[in-house]
Amino acid sequence: MTLLLVSTAATLSSQSWREKEVCLQTRDFSNWRIEKKDLGEQPIFTTRAHVFQIDPSTKKNWVPASKQAVTVSYFYDSTRNSYRIISVDGAKVIINSTITPNMTFTKTSQKFGQWADSRANTVFGLGFPSEQQLTKFAEKFQEVKEAAKLARDRSQEKIETSSNHSQESGRETPSSTRASSVNGTDDEKASHGGPAETHLKSENDKLKIALAQSSSNVKKWETELQTLRESNARLTTALQESAASIEHWKKQFSACKEENDQLRSKIEELEEQCNEINKEKERNAQLSRRLQELETELQDKELELEELRKQGEIIPQLMSECESVSQQLQDAENKNKDLEEKVRTLRTEVEESKHRQTNLKTELKNFLDVLDGKIDELHDFRQGLSKLGVDN
């Protein structure tokens, strides 16, 4: 009788758990919450993260399972002595993963981790706000994994113990007879328990098929997981190389910026020098114009002297009287040559140095004064000659 009661309780518990699993698969969250309380399942660790699942078509890309960060919790079922990771977004169950000793949680980056669930035939990924939260979740996963392994070992020990006990009790015929008299005949039990056993057999067959499929999928997921690890390693290497490249370009940018600043300062200095050169060019142009004017005046004076020479050749009788005048003219010519030499010297000095401009102007002014005096003297002398010619 005791064995029959235990078997019946186990059957009811198994049916209740299967109903709970079906309820989870059909997304009936309200019934699941009620059964969770009945089964004594309580949260032991809670965090928040963005949930992802592997794309079933490509087996490579991540598909977001939640639009924002949701609550992800570890649950412990004291009735079944099992652990699960559960996450709910509103009324939708997005994670329902029973932790087994064969599972492994892998950190693929500083804030992202993943694990494969062969029963759900998928790979779950979690993106955390910080590396510290990821580390806590990974540590809790390892702790729960060890606890699940320990619970599995204890459960196997209990099953072996109960099987041994049932074998010993089966040998006791009187007690079996008493149990039969209380609970009815074997035919009655078979008539009452037939549908339930058929249902259990069909469920067991389904579970065996799912287990066979899951074992084949585990190998596929292991291959995909290795591919993802290699891809993540390549991405990490590329990220490190890009970071080094960024540092290199930053240094080059700083060097170019410094060189640009130096070139700007040099350009400003050259612009100032160009402005000074333009001013000097303007001053030289003014001096050149002034020199041209003086040369023109000298040419006019030379023409006048030439005319005076011609007039002196026309009047031979006045040669004796004009000797003194010729001497004066000679002196004037010498002075003119001296003045021309001075003018050439001044022109050279103007081209070579700008600091002698003031002295040059003074000398030119004095020269003009002397020249005007000489011209006046020549003019007076010419008038004297004209008077002499008239008297003669």
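**Figure 1. Salt bridges in the predicted model.** A search of the whole structure, which is a predicted model, finds eight salt bridges. Side chains of opposite charge can pair when their charged atoms come close. Some of these pairs are shown in the views that follow.

Figure 2. Arginine 290 has a relative accessibility of 37% and so counts as partly exposed. Glutamate 293 is partly exposed as well, its relative accessible area being 43%.

**Figure 3. A salt bridge joins glutamate 295 to arginine 347**. The distance from N to O is 1.5 Å in this pair of side chains. Glutamate 295 is in helix 5 and arginine 347 is in helix 6 (residues 319-352), so the pair ties together parts that are 52 residues apart in sequence. With a relative accessibility of 27%, glutamate 295 counts as partly exposed. Arginine 347, at 30%, also counts as partly exposed.

**Figure 4. Glutamate 306 and arginine 309 meet in a salt bridge**. The N to O distance between their side chains is 3.8 Å. Both residues lie in helix 5, and because they are three residues apart, about one helical turn separates them. Glutamate 306 counts as partly exposed at 37% relative accessibility, and arginine 309 is partly exposed with a relative accessible area of 38%. Salt bridges that share partners join Glu306, Arg309 and Glu333 into one network.

**Figure 5. Strand 3 pairs with strand 1 and with strand 4**. Strand 3 covers residues 70-77, and six of its eight residues are buried, so the strand is largely enclosed by the rest of the structure. Strand 1 (residues 41-54) runs antiparallel to strand 3, and eight bridges join the two. Across this pairing, alanine 49 stands opposite valine 70 of strand 3. Strand 3 also pairs in the antiparallel sense with strand 4 (residues 82-89), over six bridges. Here aspartate 77 stands opposite serine 82 of strand 4.

**Figure 6. Asparagine 81 lies in the loop between strand 3 and strand 4**. The hairpin formed by these strands has four residues between them. In this hairpin asparagine 81 takes a phi near 55°, which is a positive value in a residue other than glycine. Asparagine 81 has a relative accessibility of 29% and so counts as partly exposed.

**Figure 7. Strand 8 is covered on both faces**. In a regular strand the side chains alternate between the two faces of the sheet. On one side of strand 8 are Thr122, Phe124 and Leu126, and on the other are Val123, Gly125 and Gly127; all are buried. The strand is thus mostly covered, with six of its six residues buried. Strand 1 and strand 8 run antiparallel and are joined by four bridges. In this pairing phenylalanine 52 stands opposite glycine 125 of strand 8.

**Figure 8. Strand 7 and strand 8 form a hairpin**. The two strands pair in the antiparallel sense over six bridges, and tryptophan 115 stands opposite phenylalanine 124 in strand 8. Four residues lie between the strands of this hairpin. Asparagine 121 is in the loop between strand 7 (112-117) and strand 8 (122-127). Although asparagine 121 is not a glycine, its phi is positive, at about 55°. Its relative accessibility is 35%, so asparagine 121 counts as partly exposed.

Technical notes:
Residues are numbered from 1 along each chain as its sequence is written. This is a predicted model: local features need pLDDT of at least 70, side-chain atom pairs count only at pLDDT 80 or more; totals for chains, interfaces and linings use all residues. Side-chain values use heavy atoms; hydrogens and water are left out. Buried means under 20% relative accessible area, exposed over 50%, partly exposed in between (1.4 Å probe, protein chains only). Two strands pair if DSSP finds at least two bridges between them. A salt bridge is a side-chain nitrogen of Lys or Arg within 4 Å of a carboxyl oxygen of Asp or Glu.
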